[in-house]
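Subject: Model handover

Hello,

Here is the model for your files. Please open it alongside this note.

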Amino acid sequence: MHLKEREREIWACAFCNSMCRHVCTVAMSAKLESTQPKGKGMIEYSILKGESEFSESAVERMYMCVDCGRCRVWCITGISDCSRNVQAGRADVVELGKAPKPILKWGDNALMYKSLYEVPVEERFRKVKGLLELEGGADTLYFVGCTTAQHQPEIAEAALKILKSIGDKVAVAKGEVCCGYPLWVAGFTETAKQLAEENVETLKSLNLKRLVTSCPECYLALKEHYREWGVPLDLEVFHIAEYLDKREFKLKSSKKLSMSVVYHDPCHLGRRAGVYDEPRRLLAAIPGLKLGEIHWNRENSLCCGGGGGLQVTYPELSKTICNKALAAAREAGAEALVTACPFCKQMFLERARDFNLKVYDISELLA
Amino acid sequence: MAVKIPSYDRDVVLSELEKTVGSENVYADETDRKVYSTDIYWLPQLYYYYGLERPLPGFVVLPASREEVSEVLKIANRHMVPVVPWSGGSGVQGGAMPTQGCILLDVKRMDRIVEVDDYSLTITAEAGIVSQDLEWELNKLGYTYGHYPASMYSACLGGMLAARSAGVMSTKYGKIEDMVLGLEVVLPTGEIIETSVSPRKTKAIGPDLAQLFVGSEGTLGVITKATLQIHLMPEERRFRAFLFKDLHSGLEAVRKFLQKGVNPCVVRLYDEVEASKKTKHRTLATGIDVPGSFLVLSFDGYKELIELEEKVAVEICLKEGGEDLGSEPGKYWWDHRYDSYYPPSAPAVPLIFGTIDVAATFSNLEKVYYAMKKALTENFKGALFTGHFSHWSHTGGMLYPRFYIQPLDDPKEAVELYKRVWNVGVSAGLKNGALLNDHHGIGVKLARFMEDQWGPAFKVLKAIKDALDPNHIMNPGKLGL
């Protein structure tokens with residue numbers, strides 16, 4: 001998708017009365033008009049009209065979006081989705097070779113390592129202890145994802161343990177590559193599609209019943225976007241919280257967890273995929289655990305600041321956003337913040353100490 | 001639109017601004033200057049739509065404190081650079097429209113809630129807080145400030161004060177000027193002042209200085225902080241809707257129950273055109289199938305009290321021939337009150353449209369409505385004219401006459417036509433006893449009418465401007481100053 005294919009959507013944002021400024025994750029912290037959806041729409045509109053071009057500052061604004069979808073919750077136009085407009089703008093920027101350096105690095109990594117990160121393909125799962133390799137007769141594939149594999153391997157370890165415990169024949173695919181979603185959002189549409197094709201090819205040959213992942217971005221890509229990109233995956237795709245809820249998973253009563261927690265809705269699992277109740281049901285069923293709610297929750301959940309590449313392009317802004325989400329969690333009075341996304345967990349972990357909060361992925365509490 | 005390039009040394013000003021607020025809070029690139037080239041005023045919106053040359057700020061500056069605002073104004077005076085304050089940029093009168101080369105001073109980094117006094121029921125907040133955020137923070141504590149403008153999601157406190165904002169519940173809670181108890185203002189020359197903070201109706205210490213800056217549209221200084229009165233969340237909120245056979249009956253009912261002392265928070269009366277489902281452009285999200293004038297009422301407060309108020313209002317409405325539609329259409333109206341401000345429902349350029357909002361006493365209100373309707377529909381064939389009324393006291397209210405004219409191919413002709421429509425509409429209103437504007441402000445759009453509106457009294461405003469802003473750096477041209 002490019003800007004010229006989204007003229008009407010861009011018009012809607014550019015000439016809107018700023019009806020979502022108050023909920024835009026980035027604008028709430030950056031304050032500058034050009035960072036709110038209307039401002040970005042105005043920049044895109046000027047470029048489409050030929051009045052402006054992708055100057056350095058215009059490119060910067062395109063990358064000041066966390067892809068959180070909060071604007072969409074408050075938009076009743078039925079037309080627009082600012083983050084999709086931004087994604088189209090980024091695709092143009094990438095074609096022009098003007099993407100910010102950290103984003104270009106993502107593109108290079110994808111080409112060289114088929115990962116967001118600088119990790120050779122053969123070492124993709126190196127950090128995950130006790131990882132099951134693909135075995136004949138597996139019915140459930142656990143899709144690890146780049147961020148889980150490189151930065152949050154304990155999430156994969158916990159998830160695999162749980163899946164085994166419920167009797168699934170679970171495996172991972174040696175040929176797994178990046179799901180493509182972060183690259184697509186960053187503007188590398190062709191690269192994302194190529195990665196999708198490679199994953200689909202690998203998974204097709206394995207004769208599986210289902211795919212389960214802990215990463216909401218992988219989940220969204222595999223479940224919805226592969227079809228949109230013309231690379232459909234003929235397999236049931238679940239986020240692990242969704243799958244365990246479906247299987248009516250319950251911790252044994254001997255595993256009592258005496259702590260108070262709040263659940264943080266990850267943007268791509270909640271707002272973008274509509275999975276709100278499943279993780280809450282799983283947590284509520286843990287013996288001894290007291291589940292509270294953050295004031296800004298469910299469709300109005302605050303973003304962790306880690307989406308859309310913001311954490312690599314504008315780390316300070318990303319940190320400010322993350323601090324707001326942590327402050328909201330702290331205000332709820334819980335000891336721990338539970339999420340269901342490796343990006344969120346990574347963002348929160350780095351700063352949680354300042355807020356006197358422990359941070360867990362949901363699988364870590366259930367394993 | 002005069003485009004004059006100021007003669008200051010750009011690099012020197014930039015360097016001084018960066019030193020004052022930090023280079024990361026000064027934007028001199030074309031991208032940001034263009035984004036700040038238009039508020040919601042039709043004229044710059046049209047120029048932006050067609051990509052026409054328009055005034056751009058020289059610098060966009062985001063100070064974080066009143067001290068930084070003060071330093072920015074001192075720089076502006078030293079170099080004679082105009083300053084245009086900006087908070088939400090949601091105004092429709094061009095009040096925040098930049099002067100070419102100006103320092104556009106965006107106050108949104110100053111958005112803290114400083115204090116909630118839950119004993120006296122006041123809140124002190126900085127100018128850059130978004131109205132909805134302010135309300136949400138109060139709601140969390142069990143309070144409301146009762147202010148629900150159409151720009152709720154985008155307007156900020158400073159801009160609302162500077163433009164005399166009104167919300168749909170103003171009949172009970174008042175407009176922003178009724179809510180404000182005190183202000184902090186940075187004067188054009190950089191001095192920081194605070195007006196006294198005291199409860200409403202208690203001041204006898206000379207003219208109310210806070211009120212001097214309310215509605216001053218950034219021409220007399222920069223509002224940086226305000227103390228407002230707040231309220232306990234109502235125990236109950238009720239809605240009721242009526243359909244009257246014509247506008248006259250609706251207006252009579254409203255006058256009678258207001259003058260009996262009934263005090264609803266929402267009293268919104270739509271003329272037969274705006275109420276009709278068949279009308280393409282209307283601010284009423286629902287719409288009715290049968291011809292008539294549509295009235296929405298809402299009551300806030302303790303159950304027993306509002307039950308009584310509702311009972312009296314209902315009796316009067318029925319007596320004036322109103323058909324009781326019950327609570328549902330009113331509740332629907334509340335839930336969808338902002339729908340028509342989203343695209344594609346909201347009118348947008350290149351459509352030629354506007355709201356020539358005027359206020360009048362009951363003696364003149366209906367006369368003003370028909371005079372403006374006649375003037376606009378007779379002079380501009382094919383124009384759609386709609387109207388609704390809101391923001392009442394027991395002596396009168398506010399009329400929103402709206403016009404819609406199909407786009408013209410040539411934007412310059414469209415601008416000329418647009419100006420003619422305003423001249424005709426405003427003149428018809430003023431001749432029949434209307435007040436030029438109630439709460440959208442004057443900006444640049446209505447600046448040319450200020451002499452007519454004020455007559456000799458306008459020199460008082462001019463003298464105040466000269467005294468406070470000797471170099472006339474603050475928001476030049478707005479309010480006709």
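Predicted model: local features only at pLDDT ≥ 70, side-chain atom pairs only at ≥ 80, totals over all residues.

Residues are numbered from 1 along each chain as its sequence is written, while chains are lettered from A and ligands numbered from 1 in the order in which they are written.

**Domains of chain B**

Chain B is assigned domain 1 (10-107), domain 2 (113-232), domain 3 (236-341) and domain 4 (352-445). The bounds come from an automatic or database domain assignment. The C-alpha centres of domain 3 and domain 4 of chain B are 22 Å apart.

**Domain 3 against domain 4**

Here 17 residues of domain 3 of chain B contact 13 residues of domain 4 of chain B. Contact means C-beta atoms, placed from the backbone, within 7 Å. On the domain 3 side, α10 (247-259), β13 (266-270) and α11 (272-275) of chain B each give at least two residues. Helices (H or I, at least four residues) and strands (E, at least two) are DSSP runs, numbered from the N terminus. α10(B) has the largest share of that side, six residues. By class, the domain 3 side holds seven nonpolar, five polar and five charged residues. Nonpolar covers Ala, Val, Leu, Ile, Met, Phe, Trp, Tyr, Cys and Pro; charged covers Asp, Glu, Lys and Arg; polar covers the others, Gly among them.

**Chain B against chain A**

The contact involves 29 residues of chain B and 28 residues of chain A. On the chain B side, α2 (30-35) and α5 (131-140) each give two or more residues. α2(B) gives the most, five residues. That side of chain B splits into 13 nonpolar, seven polar and nine charged residues.

Best wishes

Definitions and conventions:
Contact = placed C-beta atoms within 7 Å.
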